[in-house]
Amino acid sequence: MGFNKKYQYSLYRPGPFKRFFLFRVIRFLLIALLFYEILTVYIISTVIVQSSSMLPGIQREDRLLIVKPLYSQYLFDKFIKIPGLSNPKRGDIVIYRQNFINNYPWYLKPVNSVVRFFTLQKKNLKTNHSYNDSISVKRIIGLPGDIVKIKNNVVQIKPSGGERFLTEFELTGNRYNINISSLPENWNSDENPFNSDTEETAVKDGYYFIIGDNRELFPDSRSSGLVSSELIKGKAVLRYWPFERINVF
Amino acid sequence: MSFRADPRSLYIHIPFCVKKCRYCDFYSFFSSDDSFIRNILSETLNQIRIYKAQYCKSNFKTLYIGGGTPTSLKTADLGFFIEKILEICDSVPEEFTIEINPETVDNNLISLLAELPVNRLSIGIQSFNSNMLEVIGRNCSPRANFNALEMLKALDNKNLSLDLISSIPGQIVSEAIDDVKKALRFAPDHISLYYLTLEKKTPLYDKYSDTDQDENCWVEAADYLYESGYNHYEISNFAKSGKESLHNMNYWRMESYLGCGMSAVSTVYDENKCGSRLTASSVPENFLAGPDKQWGTKVEKLSSYDLLVETLMMGFRTSEGVDLEKNNDYFNLDIRELLLPVIEGWKNKGYISDDNKNLALSRSGRFFHNSFMIDILRYLEKVKYNFT
């Protein structure tokens, strides 16, 4: 029983055993951290939806499974690009960081993930940059090369090479509904300076027109413009909670 | 960046309310006319754009949307408005506060806050006692206060600041402390505890000016907060370490700031160390007349002497006190030397804390801030101090 012998030998020499044990624990934790980081940042992660901006389809507190490698990923913010398995498609539900997030020190995210990992997600570096970690869940409607405009809260798209405008529903095959049930009165009147009906906008290369199904809520591409592919972090493929509303997107 | 040269704080006033509270003397009113509201907001954006180009060399460090009740706006309007502000500001400020009234908190507002880079929520709780809420005419119940706080607390990465009012007519000490205890259940990062001032021309003044207010309510509640580990960093403000309001600190340091919206106030300084206080009109027609009529703005000139007095008045409200290094340099005088007889008197009573860099009232001294300032003003008049 060689194993037992070794074990007993170690027991009788507590000093080296303890040191070795500590080394193994640290090594295990570092490997676990690396694995966790690679898994959640570059392969698969989950989100709890914080906003009602995808009503009626997705509600606040719904939990979604996000697959990352379908789209290009950017290591250390945007220094290194890993090509995606495909390009974002029209109708995809995506998670992305908002446009107005800037001045984000590149080292903050890795440091924060170490803190969160070792505190079992209880602690977050509550710097004034914390909101940079927050992500939005919305739908890609306009692809590079499209011409997009909004009329009465419905997106109209002239796809690249197309001749006429079609509605978002025609192009995505009516996969979802939008919510405009309690938009303020006269929201779409010409007198409204905040009218979100937009003129025709060409979607540039490397950019997407992203909008929530709940047209009452901002921010999205109506107010903050096109979203760069660098900010798109992954595709929502599955709602796994609540159990009774499980579905594949 | 030289002291007071460039406004780094922007206040935006939303003059609309669901219902006017009895104690409130801020400019606000109720309107159900959506297009009127949007015209005011649109003109406010215009004012921000023009003021920023005119007065600012660098980006804003703090942004504060107050009122009125900013969250009484329709969510779509508020979301669009905030996005446009951020677009004009061209950067996300270090501290971005919005005032929230509990009765306006719903799923839509929570969703909006979750996605916008607002990182400080200032919630007008005022009291958790239904009788007290009734006295001050709040359109809110204790239950609604609790519900709102529970929803807001669940948001990630937002600093919570709660407003409480103490020494309400009829309030007893245990009720005031009970309010603080209930507030502490939510572990807010910051608490503003105001002594209720009965402002003339408010319904509360008409109704209760003859009723006694128990000052001990405020004093005991303040002590309770202090003993609970909150830094009493300004007469009415308490914060966990590092969670002090940057925006308000800017006011208390008498830095320059911009205020946009109806009746909002800006203070800017020129190279002669004189100030201009600009107050936009509170008459909608005048405000909507826009930049051609300067939004009906009234301009008050501040002499260097006015500025010095205000610097002392505001500085001594805070635990940090008056920054001697910066202000001596700015006014080209020695403030400690100038005020020495008054300072010595108060120091002997143990009410002054004085290191080489800052001159401040101690925590117990700040309870006598008014008397201290009267002493200072009398002394300055007596020595006929002027800047010649």
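This briefing covers the fold of chain B, one of its sheets, and some backbone features of chains A and B.

The model is predicted: local features need pLDDT of at least 70, side-chain atom pairs count only at pLDDT 80 or more, and totals for chains, interfaces and linings use all residues. Residues are numbered from 1 along each chain as its sequence is written, chains are lettered from A and ligands numbered from 1 in the order in which they are written, and side-chain values use heavy atoms, without hydrogens and water.

**Overall build of chain B**

- Chain B has 16 helices and 15 strands. Helices (H or I, at least four residues) and strands (E, at least two) are DSSP runs, numbered from the N terminus.
- The radius of gyration of chain B is 21 Å, which agrees with the value near 21 Å for a compact globule of 388 residues. This radius is taken over C-alpha atoms, and the globule rule is 2.2 Å times the number of residues to the power 0.38.
- The C-alpha trace of chain B spans about 55 × 55 × 40 Å along its principal axes.
- Of the 388 residues in chain B, 58% count as buried. Buried means under 20% relative accessible area, exposed over 50%, and partly exposed in between (1.4 Å probe, protein chains only).
- Among contacts in chain B with a separation of 6 or more, 71% come from residues 24 or more positions apart. A contact means heavy atoms within 4.5 Å.

**A three-stranded sheet**

- An open sheet in chain B has the order β13-β15-β14, with antiparallel pairing. Strands β13 (322-323) and β14 (352-354) of chain B are at the edges, each with a single partner strand, so one side of each has no neighbour in the sheet.
- Two strands pair if DSSP finds at least two bridges between them. Two bridges join β13(B) to β15 (residues 358-361) of chain B.
- B:D323 stands opposite B:N358 in β15(B).

**Backbone exceptions**

- Most residues other than glycine have a negative phi, and most peptide bonds are trans.
- The peptide bond from A:L55 to A:P56 is cis, with omega near 5°. A:P56 lies in the loop between β1 (44-48) and β2 (63-67) of chain A.
- The bond from B:G67 to B:G68 is also a cis peptide bond, with omega near 25°. B:G68 is in the loop between β2 (62-67) and α2 (75-89) of chain B.
- B:R4 has a positive phi, near 65°. B:R4 precedes β1 (9-14) of chain B and is buried, with a relative accessible area of 1%.
- B:A187 has a positive phi, near 45°. B:A187 sits between α6 (173-184) and β6 (190-195) of chain B, in a loop, and is partly exposed at 32% relative accessible area.
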